[in-house]
Amino acid sequence: MDERTRLRLDVSYDGTDFSGWAAQPTRRTVAGVLVETLDLVLGAGTATGLTVAGRTDAGVHATGQVCHLDLPTEVWREHDGRLLRRLARLLPPDVRVRAMTEVPADFDARFSATFRRYEYRVTDAPWGAEPLRRKDTLAWPRPLDLAALNAAAAGLVGEHDFAAYCRRKENATTLREVTRLDWRRDPDGILVATVQADAFCQNMVRSLVGAMLVAGDGRRPVAWPAGLLTQRERSSEVTVAPAHGLALVEVGYPADPSEYARRAVLTRRLRVPVAEG
């Protein structure tokens, strides 16, 4: 068997015109565009095993997405040093591969990850979102109180069953540990939610944001989002925030590469799906 080399790819994309990450036969997706371009540069089927850290949904952006793939070592040696620039020339402008790094064969972009961190941008300015940021910032029609948003967020931190906030999948757990959830208001007035967890179930982040926003504008008590954690089915009261405000900004991995395999084994044992919130 030919020797193969595993590569980590750091990827950014504007999700506006993508139907999410995962390849779909009749839709434009990030994975589909990446594979198409790699096939064009290296030959069809040369790059194999494309695996992503978090499969973002349609319209969701990324500045810190991570994936891995395998190349024949001979091909990698031939193209190392110029493959990044070749991809830059051929990829569409709404997706960029920022780095390609050789990693151990037991690195797994999905299962070796220790956390995923998302940010959600909202403006409550009466005039709405700035035109140049309209594709990554939600315009909220009511004033938002930063203290109320953070009070609502505080009750959601920790390990909980987030069934009320998740689209349930058969035989999949909705138990998650949220290690960070807070809001800030930047100097330009934009409110940014930071959400970090070991993994997320589908629609979880946007559902959490949707619940916190109605607490932040005073239509619900600040304790209401945390109160939903007692439910064991998806709550019909929670509105999923629009996709375009959300971006995957960082995926964490063990600092010691020798820990990649151990982390992957642990994650597989827990069987926690890793999808966009």
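This is a predicted model: local features need pLDDT of at least 70, side-chain atom pairs count only at pLDDT 80 or more; totals for chains, interfaces and linings use all residues.

Residues are numbered from 1 along each chain as its sequence is written, and side-chain values use heavy atoms, with hydrogens and water left out.

The structure holds one disulfide (a pair of cysteine sulfur atoms within 2.5 Å). Its partners are Cys166 and Cys201, with sulfur atoms 1.7 Å apart. Cys166 sits in the loop between strand S7 (158-161) and strand S8 (175-185), and Cys201 in the loop between strand S9 (191-197) and helix H5 (204-216), so the bond ties together parts 35 residues apart in sequence. Helices (H or I, at least four residues) and strands (E, at least two) are DSSP runs, numbered from the N terminus.

Cys166 is buried at 1% relative accessibility. Buried means under 20% relative accessible area, exposed over 50%, and partly exposed in between (1.4 Å probe, protein chains only). Cys201 is buried too, at 5%. Cys67 counts as buried at 0%.

Now the annotated position. An unreviewed UniProt entry marks Asp57 as "active site"; such annotations may be inferred rather than shown by experiment. Asp57 lies in the loop between strand S2 (48-52) and strand S3 (61-72). Its relative accessible area is 18%, so Asp57 is buried.

Finish at His79, in helix H2 (residues 73-79). His79 is buried, at 7% relative accessibility. Setting aside neighbours within four places in sequence, His79 is in contact (heavy atoms within 4.5 Å) with Val41, Leu42 and Arg86.
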